[in-house]
Amino acid sequence: MAAAAALKDVDDKYKYKCSVCLGNFKEPKLLPCLHRFCEECFENIIEKHDDGEFKCPLCNKLCDIPPEGVDGFPTDFHMKSMLEYIQLKQTAKTADLTAKCGGCSKESRITSYCFKCKGYLCEQCSSIHLTLKMMKEHTGRILSLKEIREQKLTMERLATLTETPRCQSHVDKPAEVCCGTCQNIPVCMMCAQFGKHKAHDIQDVGVVAEKERSKIGTTMETLEECRDNMNELLVRVEKVKKKLSRDIRAKKKKLKSQHIKISEKIGMRLKNSEEMLKRNNKEIDDLERNEVAELEEKRKNKIESIVKIINDKFDGLIGERRAKNQDLRKRQETLHDERVGRINKGITLVDRAYKELESSIDQQGATHKEELKKISNEAANRKMRYDNFSSTTSSILASKDNWTEAHCLPDISKAGDSLVRESQKACPELQPLGKVKAGDLNTTVGGIVRITAEPESVVDIESVKDKGWEVFRMRSTEGGSIVITGEVDNKHTYITVMDRESKITCTDQINQGERDDGEFYPTCSPFTLFELVTSCVDGQLGIYNTQTKSHNRKHMSDIFFMWDIFGPKQVLGVTSDPINKTVYIGNNSSDVFVLIDDIDMLNYSHTLKLPQDIQMPYDMVIHDDNLIVCDILTEKACIVTREGPEAKLVCELSKPDHIGDKCAPYRVCTDCNGFIYILWESRISGQIRDILTQYSPDGLHLLATKELEFYVTGIDTVLTDGSEKLLLVTTKGRLYTYGLDMGT
């Protein structure tokens with residue numbers, strides 16, 4: 001039944017049309033991959049190749065061209081038989097077909113076909129073929145067209161109708177044996193015993209057919225497993241393609257989210273800069289109004305007799321003050337423009353990095369998709385060859401014709417063996433193709449700002465070094481000034497303000513009075529354009545005005561009654577948020593006290609509880625919506641939130657690589673693009689060394705490490721002449737200025 005079914009649907013399942021000329025095969029030539037082409041079409045294909053090999057147009061299988069050219073490829077006799085049957089099947093569709101009879105040569109209604117005569121027969125001539133003795137060689141070669149129409153014909157039955165192959169050398173003699181040396185071609189006994197095949201491997205056609213059937217059976221079983229594996233591979237490829245698409249979407253979504261977050265932070269810095277400019281201009285206006293009012297009041301109190309002289313004098317003073325304040329406004333505008341320029345350049349570089357990373361994802365995705373497409377095509381191609389091998393082999397075996405099997409199966413076996421070898425090759429690794437490598441935008445933008453290898457300048461702060469004062473802290477102000485705090489002696493501290501050219505503008509000493517022998521480190525933080533929050537006396541907090549030189553101080557217990565209720569406290573780190581008018585006070589506990597400016601007075605707002613891992617906030621700085629805290633006790637530098645009563649850990653910043661027995665962070669600052677700079681005190685082989693580190697704005701990536709040859713007590717950044725500088729000051733008053741170069 002299987003054979004009958006196969007022959008019933010042969011024109012649907014068996015490819016009998018040439019893929020080049022699209023017509024039925026004419027003298028079909030069989031390739032090693034089991035694809036076929038008309039002899040003439042095949043000649044046109046291989047004549048374009050002069051390197052001795054070519055690729056099959058259907059499956060791209062590389063085939064060698066024998067020295068004989070097209071004649072060196074076997075003719076597919078089984079296909080010729082199938083084509084003959086297909087033609088008969090088309091003819092049999094017409095019940096009353098009238099054509100020229102091959103016996104009587106008359107136009108008659110034909111009823112059968114003689115495979116010996118190769119012609120159609122009318123009913124009378126068909127009867128003669130079956131009854132006359134002289135036609136006995138034709139008797140077994142008659143096929144009724146009715147049998148075709150009723151679809152009862154099998155491959156085995158068709159094989160009995162076709163004529164026994166003729167000897168290759170004596171076409172008038174039927175073949176009796178096969179020549180194994182010559183690819184099992186049919187030959188007569190005369191050729192086998194006395195002709196050119198005398199010394200060749202002569203075998204009985206039945207033995208050859210049985211051997212080839214056994215061999216092809218094993219190959220078919222192996223290829224059946226290979227075909228299942230290839231189907232599985234195609235399914236896996238599709239899964240990996242989907243996984244790749246999902247991964248690309250996820251990576252691009254994550255990258256876009258990073259870009260949005262970074263852009264939002266940069267936008268917030270721009271907004272803060274605008275707010276700072278407005279606030280500073282307001283302070284200048286207030287300063288001018290107060291100064292003018294003061295001078296006007298003085299003028300009114302002068303004697304009337306010298307009113308004109310006084311008016312002239314004070315008009316000049318007012319003009320000078322207004323000119324000075326106008327210079328201050330211009331300076332603020334310049335600082336604002338410099339800051340905005342740096343931030344906008346950072347935005348440009350971030351956008352460029354984002355586009356490059358997104359482009360990298362797209363390029364990787366395209367490459368992986370192309371590779372998956374190649375694997376999929378190769379798998380589909382090989383599956384097509386499996387199907388071709390299976391259909392061809394099944395058709396030949398169904399014929400149960402020894403001559404057909406002996407002639408065709410060796411070539412098919414070779415093709416099957418080649419297909420098995422190809423199928424047994426290692427399957428390409430698919431998992432790596434399901435993902436793309438996505439760079440981290442925060443890491444990539446790390447190259448935006450680079451610290452120069454060497455300092456651009458090194459100067460001594462004369463009023464500090466000459467007097468032997470010690471420097472403890474340094475901060476830069478919104479007005480571009482540099483403020484240094486330190487100790488004169490055991491009873492006095494000082495505040496020194498200088499411009500961006502390191503020229504001293506004012507210095508004030510503060511009497512500490514009697515205090516314990518414990519160490520105290522004066523500190524400060526810019527609060528407004530002209531004001532600093534200071535702690536120059538142990539336990540006290542003050543507001544220092546750089547214009548009026550006024551210094552209003554209050555003890556922390558007067559600001560917050562629970563300041564030292566649980567033991568003595570010491571102000572360690574001070575930082576401020578001028579936009580929101582808040583001050584953060586770090587001390588020798590895990591609490592940060594938050595103060596708010598209320599009509600020129602600092603009042604207690606709330607206590608910010610730091611995470612458990614932070615025990616002593618030695619230095620702090622505002623960083624967008626967060627705080628960066630340096631804890632010398634636990635030797636950790638962390639970014640924490642500053643909203644609400646409890647701070648949450650955002651991230652812990654990495655320590656520098658070449659640390660020694662001890663490595664503790666003790667100073668921190670940021671630049672206008674949000675990059676973080678931390679000073680670490682490291683003990684290496686008993687020697688104390690300072691290490692400077694630079695981090696990405698999110699704090700997750702350590703970008704640069706520089707081991708310093710000098711001991712630093714203060715660090716900050718300052719804008720000058722359109723660029724930003726990193727300032728380091730030593731305990732003896734030597735100021736090092738490093739450039740912060742931006743990428744292009």
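Mentor: Start with the elements. Helices (H or I, at least four residues) and strands (E, at least two) are DSSP runs, numbered from the N terminus. Glu43 lies in helix 3, residues 39-46. The model is predicted, so local features need pLDDT of at least 70, side-chain atom pairs count only at pLDDT 80 or more, and totals for chains, interfaces and linings use all residues. Residues are numbered from 1 along each chain as its sequence is written, and side-chain values use heavy atoms, with hydrogens and water left out.

Trainee: Why is Glu43 called partly exposed?

Mentor: Buried means under 20% relative accessible area, exposed over 50%, and partly exposed in between (1.4 Å probe, protein chains only). Glu43 has 38% relative accessibility, so it counts as partly exposed.

Trainee: And why is Lys239 called exposed?

Mentor: Its relative accessible area is 57%, so Lys239 is exposed. Lys239 is found in helix 10.

Trainee: What makes Phe560 buried?

Mentor: Its relative accessible area is 8%, so Phe560 is buried. Tyr604 has 28% relative accessibility, so Tyr604 counts as partly exposed.

Trainee: Why is the pair of Phe560 and Tyr604 called stacked?

Mentor: Rings of Phe, Tyr and Trp (its six-membered ring) pair if their centres lie within 6.5 Å; planes under 30 degrees apart count as stacked, over 60 as edge-to-face and the rest as tilted. The centres of Phe560 and Tyr604 are 4.1 Å apart and their planes are at 10°, so the pair is stacked. This pair links distant parts of the chain, 44 residues apart. Phe560 is in the loop between helix 15 (556-559) and strand 22 (571-577), and Tyr604 is in strand 25 (residues 602-609).

Trainee: Which residues do ring pairs link into a cluster?

Mentor: Phe560, Phe561, Trp563, Phe593 and Tyr604.

Trainee: How many aromatic pairs does the structure hold?

Mentor: The structure holds 13. One of them joins Tyr113 and Phe115: 5.1 Å centre to centre, 85° between the planes, edge-to-face. Both Tyr113 and Phe115 are buried.

Trainee: Where is Leu132 found, and why is Leu132 called partly exposed?

Mentor: Leu132 is in the loop between helix 5 (123-131) and helix 6 (136-139). Its relative accessible area is 39%, so Leu132 is partly exposed.

Trainee: What separates the C-alpha atoms of Leu132 and Glu358?

Mentor: A distance of 87 Å. Along the chain, Leu132 and Glu358 are 226 residues apart.
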